[in-house]
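This report looks at the salt bridges of one protein structure. The sequence and the model come first, and the text then goes through selected pairs.

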Amino acid sequence: MIKELSELGKTLREQQSKNEWVHDALKEEPISMEIVITVDGGFQKFELFEKNLTIAEAIIAKKGKARLLLDKAEEVLCYGGKVSKKKHELFLGKIEKYRNLQELAPVVAFYRQNKADGLEKALKDFETAIPDEKSRKGNIGFRIQSEGIRIHENPNVLKKVIEEYETIQKALLSKTQKNCSVCDRAAYPVEDIPHGMIKRVPDGQSSGCALVSYNENAFESYGLKGNSNSSICTNCAKSYVEGMNWLLSSGNEILVKNKKGKEKKEFRYTNRKNFGSDTAVVFWTRNNEKLDEIDYLEEPNPSDVARLIESVTSGTEHDSRYLEPDRFYSCTLSGSAARIAVRDWIETSLFDFQKSIAKWFQDISISEYDSDLKSTKTHYPSLYDLARSCQRKNSDGSFDKDDKSLPRVAAYLWNAALKKTSLPLWMLVKTIQRARLDKYGVTADRAALIKIILNRNNKGGDFVIKENIQEGDRPVAYVCGQIFAKLESIQYAALGDRNAGIRERYFTYAMTLPSAAFGRLFDLNSKHYTKLKNEKPGLAINMDKELQELVKDVDINKLPATFLLEEKGQFAIGYYHQKQAQFSGANSK
């Protein structure tokens, strides 16, 4: 995984080949303030502006270190008094190291020869010039009055920073000739320093999290300390951190319409999907190409899905195994304090990736009656909607944010979609539980999820659930679900809409203890049938015939005392299929 992340980071660098300042020694850092000085170091003013990025010296794990000419007010001005003194001394020490550079002469004068009119004047004016405390927390750079670039951006300064960095790297490499475990070369040294912080990790620290780190005094039995155990060279370490940071942050703003039809800007990630508040998945290809199939998982379009399935099943993608050497990668991660917890890693060919996505949509397809079109259509739920079908709801119908099942379920679904794996049966428990407690019962999304769970856990020879209602040899549980749906429709025809009909009162009972439940249900049905026959005899006879057609497929007097978990799923699917058939007006079993 780290190797592919490192390769991604290097690819991103190559795409910036026109930028001569792409180097391990340099990094883009935020800046929001400038100290404008004269050539003799005299302070002129503070210039505050909207935060943007600037190229500067790269500092990893800044504790105990200083960055050349770009830092916070504590380091640059000794703002904060005694508590900032040590940081300020480190900052001055870094300037002293580069003081022979002519470009730094005004800054040296600001701190030394012209201190009274330089540093002291600036510190005195700081709070007055920038009254907002929050604005005073940004990075500060130096700029000479009437010049267009900041001093730390001067080409000669940047070249010197690179020169110093390479000198140190060569010295370290001469001491430890050790091959990197990622690139298998000894071109760069392996150091016991943090590899860099990765930002925007869900549920992680705002300052960033580490992908590779070691506790202090851990794993020292071979004389190796800290990150020396990882054997990752400085170049690969910087590359994989850059790659992961790009995956977690890349995206663009698009215009979307809200429920009222008004357009607003919304940021959409291009290589990241969030699963709840504490889990995200990042994905990419070796050639960094966009994949439409990923968008299908989030917003499936039936015509696009049909074309994908057709292209894979008809063999039109057959030769892509030989023509497309590109690979697909995916990493599911969460924050764990200052570290990243990797929950899943997927690597596959693009050909197998397309096959898996096509198989996924075949497995989750479910028929659904469209009341607007007055016909049954194939429904492909989005991955997130499937995950949501397991999530607990509040009394007002909103989803319960304290229910942590959403990211866990979504991560399993993502894995199943890309690797064709089976789904754990605890997800079936959650789905059935929500169907029992939710007022909408067995929805199309829940039926689709039950279908793929049961079919992918089918070890061979068991009943395979189809997209539409099934006839012929069916499990008792499936038929019982159909019978329950028919009994519900008879009650509705006889009594109309009820606050608590047989689904609300008996669905769990019938699914769990069928033998006892259906005896009670048929007693109730005889009363409903009598009432319906008196008021609408023709309808009563037709509905009773349909019920008898279903009942003849099971021995109602020998129903099992209980249904197992998988049978409960079959009951729910039988109920759903029968309801959809009734909606469409089909005289189905």
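In this predicted model, a network of salt bridges links Glu34, Lys45, Glu47, Arg143, Arg150 and Glu153. Within that group, the side chains of Lys45 and Glu47 form a salt bridge at 3.1 Å, N to O. Lys45 has a relative accessible area of 41% and is partly exposed. Glu47 is also partly exposed, at 27% relative accessibility.

Searching the whole structure gives 38 salt bridges. The table lists three of them, including the pair just described.

| Salt bridge | N to O distance |
|---|---|
| Lys45 and Glu47 | 3.1 Å |
| Lys97 and Glu164 | 4.0 Å |
| Lys290 and Asp295 | 2.8 Å |

Take the pair Lys97 and Glu164, whose side chains meet in a salt bridge. Which helices hold these two residues? Lys97 is part of helix α3, which covers residues 85-97, and Glu164 is part of helix α6, which covers residues 155-175. The pair therefore ties together parts that lie 67 residues apart in sequence. Lys97 is partly exposed, with a relative accessibility of 45%.

The last pair in the table joins the side chains of Lys290 and Asp295. Are these two residues buried, partly exposed or exposed? Lys290 has 63% relative accessibility and counts as exposed, because the cut-off for that class is over 50%. Asp295, at 34%, counts as partly exposed, since its value falls between the 20% limit for buried and the 50% limit for exposed.

Conventions:
Residues are numbered from 1 along each chain as its sequence is written. This is a predicted model: local features need pLDDT of at least 70, side-chain atom pairs count only at pLDDT 80 or more; totals for chains, interfaces and linings use all residues. Side-chain values use heavy atoms; hydrogens and water are left out. Buried means under 20% relative accessible area, exposed over 50%, partly exposed in between (1.4 Å probe, protein chains only). Helices (H or I, at least four residues) and strands (E, at least two) are DSSP runs, numbered from the N terminus.
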